[in-house]
Amino acid sequence: MTMVQTVQVAVLGAPGVGKTSIIRQFVAQEFREEYTPTESRQLYRASAVLSERMYELLILDLPNLPRYPVSAVQEWLDPRFRGLRNSRVFILVFDICSPESFHHVKQLRQQILDSTSKPPLIVVVGNKRDQQKHRFVPRHVLSLLVKKSWKCGYLECSARNNWHILLLFKELLISTTTRSRSHTSSICLQGALHRERCSIM
Ligand SMILES: Nc1nc2c(ncn2[C@@H]2O[C@H](COP(=O)(O)OP(=O)(O)OP(=O)(O)O)[C@@H](O)[C@H]2O)c(=O)[nH]1
Ligand SMILES: [Mg+2]
């Protein structure tokens with residue numbers, strides 16, 4: 001039987017940057033124009049096949065309540081959490097039109113690093129790429145800073161246009177797989193085999 005690797009993904013970022021939109025676009029191929037702030041934490045599940053490997057993604061979406069995200073981050077990093085020993089990844093989302101949201105991501109990264117001795121995989125995502133003309137700084141500047149100084153992955157996407165959403169999760173799975181493996185263009189990712197959604201206890 002094929003082994004299924006579970007990858008836990010925590011999606012964090014300032015209010016309104018599009019965290020829920022990115023997840024819903026990936027899991028259910030849907031996008032909503034109206035803004036409904038996330039009020040309770042949600043766990044999404046998605047199965048994916050990549051280079052003949054099977055993955056189960058558990059994607060955590062958090063509300064921006066005062067007690068989040070620090071406590072949630074720590075809980076997520078706790079190895080006893082759900083009794084799983086699996087890959088843990090953070091997607092830190094900002095809005096490419098909002099410097100404040102980028103600053104928020106910077107703080108989140110520091111909080112994550114401060115709360116663990118073993119740095120987890122962090123991917124920084126600039127969302128709302130369809131609003132490109134209103135961006136606060138050119139892409140290459142952000143990319144250089146995040147990759148070289150922060151040592152994190154960097155990608156821009158648009159949840160609204162479904163642009164680079166699959167690529168984001170594909171890159172994420174590639175990064176969680178053994179880094180020495182060579183990855184060819186034959187990689188194929190089928191997101192959203194399951195659309196199940198449930199709340200964490
Ligand atoms: N133009 C554009 N708007 C987007 C995009 N992604 C999300 N939005 C809009 O931004 C608003 C906020 O999106 P959400 O996904 O709810 O943001 P969030 O980060 O989950 O917000 P909180 O749950 O409050 O933390 C909504 O009105 C979305 O329609 C995008 O890629 N482009
Ligand atoms: Mg939300």
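Ala, Val, Leu, Ile, Met, Phe, Trp, Tyr, Cys and Pro count as nonpolar, Asp, Glu, Lys and Arg as charged, and the others, Gly among them, as polar. This is a predicted model, in which local features need pLDDT of at least 70 and side-chain atom pairs count only at pLDDT 80 or more, while totals for chains, interfaces and linings use all residues. Residues are numbered from 1 along each chain as its sequence is written, and chains are lettered from A and ligands numbered from 1 in the order in which they are written.

Q: How is the shell around ligand 1 divided by class?
A: The shell holds 10 polar, 7 charged and 5 nonpolar residues.

Q: What makes a residue part of the surroundings of ligand 1, and how many residues surround it?
A: A residue is near a molecule if its C-beta atom, placed from the backbone, lies within 6 Å of it. For ligand 1 there are 22 such residues, and the closest are G18, T20, S21, P37 and T38. Helix α1 (residues 19-28) supplies the largest share, 3 residues; helices (H or I, at least four residues) and strands (E, at least two) are DSSP runs, numbered from the N terminus.

Q: Where on α3 do the buried residues lie, and why?
A: The buried residues are S101, F102, H104, V105, L108, R109 and I112. They lie on the same side of α3, because they cover an arc of only 150 degrees around the axis, taken from the directions from the helix axis to the C-beta atoms. On the other side, E100, H103, Q107, Q110 and D114 are exposed.

Q: Why is strand β1 called largely enclosed?
A: In β1 (residues 4-13), 7 of the 10 residues are buried, so the strand is largely enclosed by the rest of the structure.

Q: What makes β1 and β3 a pair?
A: Two strands pair if DSSP finds at least two bridges between them. β1 and β3 (residues 53-61) have 8 bridges, in the parallel sense, and Q5 has Y55 as its bridge partner in β3.

Key. Buried ≥ 20, exposed ≤ 12 C-beta atoms within 10 Å, placed from the backbone.
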